[in-house]
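The following note sets out points for a colleague who is reviewing this model. The points run from the overall fold to single residues.

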Amino acid sequence: MRYYISDLHFFHGALNTHMDCRGFASVEEMNQYMIGQWNRKVRHNDEVVILGDFSIGKGEETNAILRKLKGRLYLIRGNHDHFVKDRMFDASRFVWIKDYAEISDNRKKIVLSHYPVFCYNGQNRRDEMGNPKTYMLYGHVHDSLDEQLVQHFQEVTRRFLRGDAPIPCNMLNCFCMYSDYTPLTLNEWVDVHQKRAAVRKTLENGL
């Protein structure tokens, strides 16, 4: 099984009271909760792609977290992942560390970047049944105004036609708080965002 998650920010205590307002009493409580959520879902042979900002800790601190997590790990480097340059960091825990990647998952093309890519490779592609063939998975923006702008961009883009069909434009923010800090499969992330879109639509109609 392959899972995805972004912006865990291990050791980033300020996120408990600012920006995300995660609400944990301490960094230690936050770290332990995220480790528990991860290991309840992921098995040792599963793959987990981390879409950046895994840890703001130093190399050895981050090594200690990585040793506790199950799965075969892959990292798309985020702007806060300075631990990768720490000489004490053990990179062998990751299968690879990249700034950008394109992979296949369940017969879908997956574009991976810490930052949202608005005109991503394969954005217009559909299969013979008319279903989207490509998904863009990202992080970085958390649940912020920037995420609202990404969603607005997608809504506008889907109104345009490519030939006789709308442009699919499927960008999925794998922000850890959207999944209660649990890595999810591609299909599970699609479901999360469909439910979030339905809630947004209900709120808009209510206003």
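How many helices and how many strands make up the secondary structure of the chain?

1. Fold inventory. The model is a predicted one. Its chain contains four helices and ten strands. Read from the N terminus, the order of elements is β-α-β-α-β-β-β-β-β-α-β-β-β-α. The radius of gyration is 17 Å, close to the 17 Å given by the globule rule for 207 residues, so the chain is as compact as a globular protein of that length.

2. Overall dimensions and contacts. The C-alpha trace spans about 55 × 40 × 30 Å along its principal axes. Among contacts with a separation of 6 or more, 66% join residues 24 or more positions apart.

3. Burial and surface. Of the 207 residues in the chain, 49% are buried. The chain exposes about 10700 Å², and carbon and sulfur atoms supply 52% of that area. With regard to charge, the chain carries 28 positive and 26 negative charges, whose mean positions are 4 Å apart.

4. In soluble globular proteins, nonpolar side chains tend to be buried together. The largest nonpolar core of this model has 45 residues, and the members that touch the most others are Tyr-4, Trp-38, Phe-54, Leu-112 and Leu-137. Apart from that core lies another one, of nine residues, including Val-141, Val-150, Cys-169 and Met-171.

5. The surroundings of Leu-137. Which residues does Leu-137 touch, not counting residues up to four places away in sequence? They are Tyr-4, Leu-51, Ile-110, Val-111, Leu-112, Ser-113, Leu-172, Cys-174 and Leu-186. Two of these partners, Tyr-4 and Leu-112, are also listed among the core residues that touch the most other members.

6. Backbone at Cys-21 and Asn-106. These two residues deserve a look when the backbone geometry is reviewed. Cys-21 has a phi near 50°, a positive value in a residue other than glycine. Cys-21 is placed in the loop between strand E1 (2-5) and H1. Asn-106 likewise is not a glycine, yet its phi is positive, at about 55°. The loop that holds Asn-106 lies between strand E5 (100-105) and strand E6 (108-113). Is Asn-106 buried or exposed? Its relative accessibility is 52%, and the cut-off for exposed is over 50%, so Asn-106 counts as exposed.

7. Glu-28 belongs to helix H1 (residues 27-41). With a relative accessibility of 55%, Glu-28 counts as exposed. Between Glu-28 and Leu-186 there are 158 residues of sequence separation and 29 Å of space, C-alpha to C-alpha. Leu-186 is one of the residues that Leu-137 touches. Asn-45 lies in the loop between H1 and strand E2 (47-50). Asn-45 counts as exposed at 69% relative accessibility. The C-alpha atoms of Asn-45 and Arg-72 are 6.4 Å apart in space, while the two residues are 27 apart in sequence.

8. The loop at Asp-164. Where does Asp-164 lie? Its position is in the loop between strand E8 (161-162) and strand E9 (165-166). Asp-164 is exposed, since its relative accessible area is 75%. From Asp-164 to Gln-32 the distance is 50 Å, C-alpha to C-alpha, for a separation of 132 residues in sequence.

9. Helix H4. Ala-198 sits in helix H4 (residues 186-206). Its relative accessible area of 42% makes Ala-198 partly exposed. Ala-198 and Ala-91 are 107 residues apart along the chain, and their C-alpha atoms are separated by 40 Å.

Key
Residues numbered from 1 in each chain as written. Predicted model: local features only at pLDDT ≥ 70, side-chain atom pairs only at ≥ 80, totals over all residues. Heavy atoms only, no water. Core = buried A, V, L, I, M, F, W, Y, C linked by side-chain atoms within 4.5 Å. Buried < 20%, exposed > 50% of the residue type's maximum accessible area, 1.4 Å probe, protein only. Contact = heavy atoms within 4.5 Å. Helix = DSSP H or I, 4+ residues; strand = E, 2+ residues; numbered from the N terminus. Rg over C-alpha atoms; globule rule 2.2 N^0.38 Å. Areas by Shrake-Rupley, 256 points an atom, 1.4 Å probe, with all protein chains shown as cover. Lys, Arg positive; Asp, Glu negative; His and termini not counted. Charge placed at Lys NZ, Arg CZ, Asp CG, Glu CD.
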